[in-house]
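Take a moment with the sequence and the model before reading on.

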Amino acid sequence: MLEASYLPFNLPEIGEEEIGAVVETMRSGWLTTGARTAAFERDFEAYTGARHALALNSCTAALHLALAALGVGPGDEVITTPLTFCSTVHAIVHTGASPVLADVDETGNIDPASVAARITPRTKVLLPVHLAGLPCRMEELWELARRHGLRVVEDAAHAVGTYYRGRHLGADGASASDAVAYSFYATKNLTTGEGGMVTTNRPELLARMKALALHGLNRDAWNRYGEKGTWFYQVLEAGFKYNLSDLQAAIGVEQLKKIERFTERRRELAERYQRAFAGMPEVECPPEAVDGRHAWHLYILRLRPERLAIGRDAFLNELRERRIGISVHFIPVPLHPVYEGLGAAYPCPRAVALYERMFSLPLYPAMTEGQVDRVAGAVGEIVERWRR
Ligand SMILES: *Cc1c(COP(=O)(O)O)cnc(C)c1O
């Protein structure tokens, strides 16, 4: 028998257009932040409907920058979810503020009721994460923010292409958030290898983020002649180094042209998984978007431990034996040694319970229907063997 080939958990979707754009940029003589980055920002504004987009070198940078520009610092509290990548919390810590965890609801996204219970006079920002690309219950979070005078920064690392109530996240006129942060890391729905973007509808917040993103300079590095026409720049404060290069932006411009096609393909494949697992009572399908469009960055399947004589980790080993790449999104924040204390201060039992029975299956545009069927078939086989 032929051994099945290894099915990677993720593959980036890079075409000749992206390769050509990088080569052209390399030949242009301008590699760092310049015209291509500006074009990527304008295209991203047009795509999302946000008034302003600022390209950055990661989503982590975007989160930290947005918080810093909002004046978040020591003594402040920022409420976020335990089901996120560590960098969401690192970004809070690096401002000097204290992270506060609120538990998730059954979707895996932050639960507004748990957020409400953890608001204190020190709370300054709500930082929801759209897990897997499923939109959070934003209206309820905005209502809490209005009532308590809080800012809202969204971690949209999984959510390029996500709609909330018919519009992109952060769309002008449809969003009460201050800023939305995107990731273009290699595994994300849109990639520039490494990269990120922050959008806002507030011009003064954009200006603040722009200044802080590039060392606190008073002018863009590529236009040191400024308005007066003489070569000069000044450093007004100790800023960060968060700008995106034109090499990466060139990739982003091409990726953005294809993102709707990618999203549609992800949806088709996710629906194929949903159909395959609908008749399997030992597993539970991920929730669909009820209030928008799911970007299907991840397909997170859940086990029903009461119906299975196998635990999640052993289940994953069986998938690995069948040469299928998997991942878990995420190990809850308080289970990492560095954030142990947060678990004691802010228990999140629903996040921990969900974590113990969930894992992510391969899902990316280059996958074939046959590969989805192979993964679903492998899950079915394991379930068959360990059903109780
Ligand atoms: C990937 C990811 C980030 C970090 O993105 P980078 O661009 O790598 O900094 C932040 N939050 C979540 C939820 C992520 O999945």
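A pocket here is an open set of grid points where a 1.4 Å probe fits, with protein on both sides within 12 Å along at least five of seven lines. A molecule sits in such a pocket if more than half of its atoms lie within 2 Å of its grid points. Keep in mind that this is a predicted model. The ligand takes up the second largest pocket.

Which residues are closest to the ligand? The shell around the ligand has 16 residues, and the closest are Thr60, Asp155, His158, Ser183 and Lys188. Two helices each give at least two residues to this shell: helix 3, residues 59-69, and helix 4, residues 86-93.

Now look at the polar atoms. His158 has a polar side-chain atom 2.6 Å from an oxygen atom of the ligand. For Ser183, a side-chain N or O atom is 2.7 Å from a ligand oxygen. Lys188 also places a polar side-chain atom by a ligand oxygen, at 3.1 Å. Taken alone, the ligand would expose 380 Å², and the protein buries 92% of that.

Next, turn to His130. This residue is in the loop between strand 4, residues 123-127, and helix 6. Is His130 buried or exposed? His130 counts as buried because its relative accessible area is 0%, and buried means under 20%. A polar atom of the His130 side chain lies 3.0 Å from the backbone nitrogen of Cys136. Beyond its neighbours within four places in sequence, His130 is in contact with several residues, among them Asn109, Met138, Glu154 and Leu169. The contacts of His130 also include Asp155 and His158.

Follow the chain into helix 6, which spans residues 138-148 and holds Trp142. Trp142 has 5% relative accessibility, so it counts as buried too. What does the side chain of Trp142 make a polar contact with? The partner is the side chain of Ser177, at 2.9 Å. Setting aside residues up to four places away in sequence, Trp142 touches Val152, Glu154, Tyr164, Ala174, Ser175, Ala176 and Ser177.

Tyr346 is 204 residues from Trp142 along the chain, and their C-alpha atoms are separated by 22 Å.

Technical notes
Residues are numbered from 1 along each chain as its sequence is written. This is a predicted model: local features need pLDDT of at least 70, side-chain atom pairs count only at pLDDT 80 or more; totals for chains, interfaces and linings use all residues. Side-chain values use heavy atoms; hydrogens and water are left out. Helices (H or I, at least four residues) and strands (E, at least two) are DSSP runs, numbered from the N terminus. Buried means under 20% relative accessible area, exposed over 50%, partly exposed in between (1.4 Å probe, protein chains only). Contact means heavy atoms within 4.5 Å. A polar contact is a pair of N or O atoms within 3.5 Å; within protein, one must be able to donate a hydrogen and the other to accept it, and residues adjacent in sequence count only if both atoms are side-chain atoms. A residue is near a molecule or strand if one of its heavy atoms lies within 4 Å of it. Accessible areas come from the Shrake-Rupley method with a 1.4 Å probe; for residues, only the protein chains shown count as cover. On a 1 Å grid over the protein atoms alone, a cavity is a set of points where a 1.4 Å probe fits but cannot get out, and a pocket is an open set with protein on both sides within 12 Å along at least five of seven lines; lining residues have an atom within 4 Å of a point.
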